[in-house]
Amino acid sequence: MNPMLNIAIRAARKAGNLIAKSYERRDDIQASLKSTNDYVTNIDKASEEAIIEVIRNSYPDHTIITEESGALEGKNTDVQWIIDPLDGTTNFVKGFPHFSVSIAIRVKGRTEVGVVYDPIRNELFTAVRGEGAKLNDIRLRVDAKRELKGAILATGFPFKQVRHMPVQMNIMSDLIETCADFRRTGSAALDLCYVASSRIDGFFEIGLKPWDCAAGDLVVREAGGLISDFTGGHNYLTSGHIVAAPTRVLKDILNKIQPHLPKEFQNN
């Protein structure tokens, strides 16, 4: 096994076990608002600390980029661990059992390892660049769906950037004329892994952060799916605007999205 993958799995499982135990003891959860509609809990922070400890024990010089602590620069800036210790915090706070731990490892600007762990279902999604993607020990391959008609699409609403809600609704209104239905689950990392495992046929979202999607991005691509930004380019880790699907479906989704994009999206 890739040694960094092994450490990423160990870190994800340690954090996931902590999250699962805390989920059962709801009185111990302390939540506060970081910004409008954006929660952080003591469990996010404890999960992050657990992940950092595992990484530092094996790779003390690597740089770690986390949702809660920001960039923890090491001597080796070529290797970056990008971490979301609890993707789906609002679900966690509300007792909705759908959230994950997301860990990506980027080397010289290219994602080499991706791990997304769902502690409630004990589902571990992993990918290594050039070696494929797995759900636990099962190899993943996206369904070769050839058209948008009948597709089930996942999305997330831009609740942190509500000015983009009209764009979101216009896109969905256009898509629903062809696709079958939408899912909105609250964890972008899992949405991407569900594309890779063909539980859904496509996913799009406005304004994600790298820690939301860097690991799931690699899982999708190693399962044979495609990922792009809203203009069909590869700027999604910077812009945060992302589409993931099998090749033909992604093309159809982009054709529905692009007529509704304001100039600020077209430049990202």
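A polar contact here is a pair of N or O atoms within 3.5 Å; within protein, one must be able to donate a hydrogen and the other to accept it, and residues adjacent in sequence count only if both atoms are side-chain atoms. You're looking at a predicted model, where local features need pLDDT of at least 70, side-chain atom pairs count only at pLDDT 80 or more, and totals for chains, interfaces and linings use all residues. Residues are numbered from 1 along each chain as its sequence is written, and side-chain values use heavy atoms, with hydrogens and water left out.

Start by selecting Asn2 and Met4: a side-chain oxygen of Asn2 comes within 2.9 Å of the backbone nitrogen of Met4, at the start of helix 1. (Helices are DSSP runs of H or I with at least four residues, strands are E runs of at least two, numbered from the N terminus.)

Now pick residues 152-156, strand 11. Click Ala154 and you'll find its bridge partner in strand 12, Arg183.

On the other pairing, select residues 202-205; strand 13 pairs with strand 11 in the parallel sense over four bridges. Here Leu153 has Gly202 as its bridge partner. (Two strands pair if DSSP finds at least two bridges between them.)

Last stop: helix 1 again, residues 3-24. Its 22 residues reach 32 Å from first C-alpha to last, close to the 32 Å expected at 1.5 Å a residue (1.5 Å times one less than the number of residues).
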